[in-house]
Amino acid sequence: MSENIKVEFEVKGFGEISQQGYEDAFTSHEILRTKILPKHTTLEELEQTVETLLEEVRSHFDLPEQLAAKVTIRAKHKNNQLVYLG
């Protein structure tokens with residue numbers, strides 16, 4: 001069994017912007033990235049990566065109305081063992 005796992009990070013931000021000639025204007029920014037990490041990676045280490053990506057998305061807005069993150073680890077059951085994909 002592999003000692004590494006593929007982790008997918010998805011971070012999205014959405015917010016209002018000022019746009020001349022329009023009453024309302026909105027923009028969004030999205031980041032999708034993957035990392036191959038050791039199987040013993042902690043939740044705290046994942047949180048640090050997410051916080052870095054959130055800060056990158058925040059930099060595109062004065063004050064984002066929505067900011068969200070999703071972390072995905074894919075696995076399947078094969079030969080009575082959990083096998084991580086990627």
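A nonpolar core, as I use the term, is a set of buried Ala, Val, Leu, Ile, Met, Phe, Trp, Tyr and Cys residues joined through side-chain atoms within 4.5 Å. Buried means under 20% relative accessible area, exposed means over 50%, and partly exposed is in between, with a 1.4 Å probe and protein chains only.

The model is predicted, so to speak of local features I need pLDDT of at least 70, side-chain atom pairs count only at pLDDT 80 or more, and totals for chains, interfaces and linings use all residues. Residues are numbered from 1 along each chain as its sequence is written, and side-chain values use heavy atoms, with hydrogens and water left out.

Helices (H or I, at least four residues) and strands (E, at least two) are DSSP runs, numbered from the N terminus. Two strands pair if DSSP finds at least two bridges between them.

I start with the sheet. Three strands form an open, antiparallel sheet in the order β2-β1-β3. The edges are β2 and β3 (66-73), and each has a single partner strand, so one side of each has no neighbour in the sheet. From one strand to the next, the twist averages 15 degrees. Axes here are lines fitted to C-alpha atoms, for helices over the stretch in contact, and angles run from 0 to 180 degrees between N-to-C directions. Between β1 and β2 there are 13 bridges, in the antiparallel sense. Across β1, β2 and β3 lies α1, at about 30 degrees to β1.

Now the core. The largest nonpolar core has 12 residues: Ile5, Val7, Phe9, Val11, Ile31, Leu37, Leu46, Val50, Leu53, Leu54, Val57 and Phe61. Two or more residues each come from β1 (4-16), β2 (26-38) and α1 (43-58). The largest share, 5 residues, is from α1. In general, nonpolar side chains in soluble globular proteins tend to be buried together.

What does Leu53 contact, leaving aside neighbours within four places in sequence? With contact meaning heavy atoms within 4.5 Å, Leu53 is in contact with Phe9, Val11, Ile31 and Arg33.

Next, Glu10, which sits in strand β1. Its bridge partner in β2 is Leu32. The side chains of Glu10 and Lys12 are joined by a polar contact of 3.2 Å. A polar contact is a pair of N or O atoms within 3.5 Å; within protein, one must be able to donate a hydrogen and the other to accept it, and residues adjacent in sequence count only if both atoms are side-chain atoms. Not counting residues up to four places away in sequence, Glu10 touches Glu30, Ile31, Leu32, Ala68, Ala69 and Lys70.

On to the aromatics. Rings of Phe, Tyr and Trp (its six-membered ring) pair if their centres lie within 6.5 Å; planes under 30 degrees apart count as stacked, over 60 as edge-to-face and the rest as tilted. The whole structure has 1 aromatic pair. Phe14 and Phe26 are stacked, 5.5 Å centre to centre with 10 degrees between the planes. Phe14 lies in strand β1 and Phe26 in strand β2, so the pair ties together parts 12 residues apart in sequence. Phe14 is partly exposed at 32% relative accessibility, and Phe26 is partly exposed at 43%.

In the loop between β1 and β2 is Ile17. Leaving aside neighbours within four places in sequence, Ile17 is in contact with Ala25, Phe26 and Thr27.

Last, the hairpin. Strands β4 (residues 75-78) and β5 (residues 81-84) run antiparallel and are joined by 4 bridges. Lys76 has Val83 in β5 as its bridge partner. Between the strands are 2 residues, and Asn79 takes a positive phi near 55 degrees.
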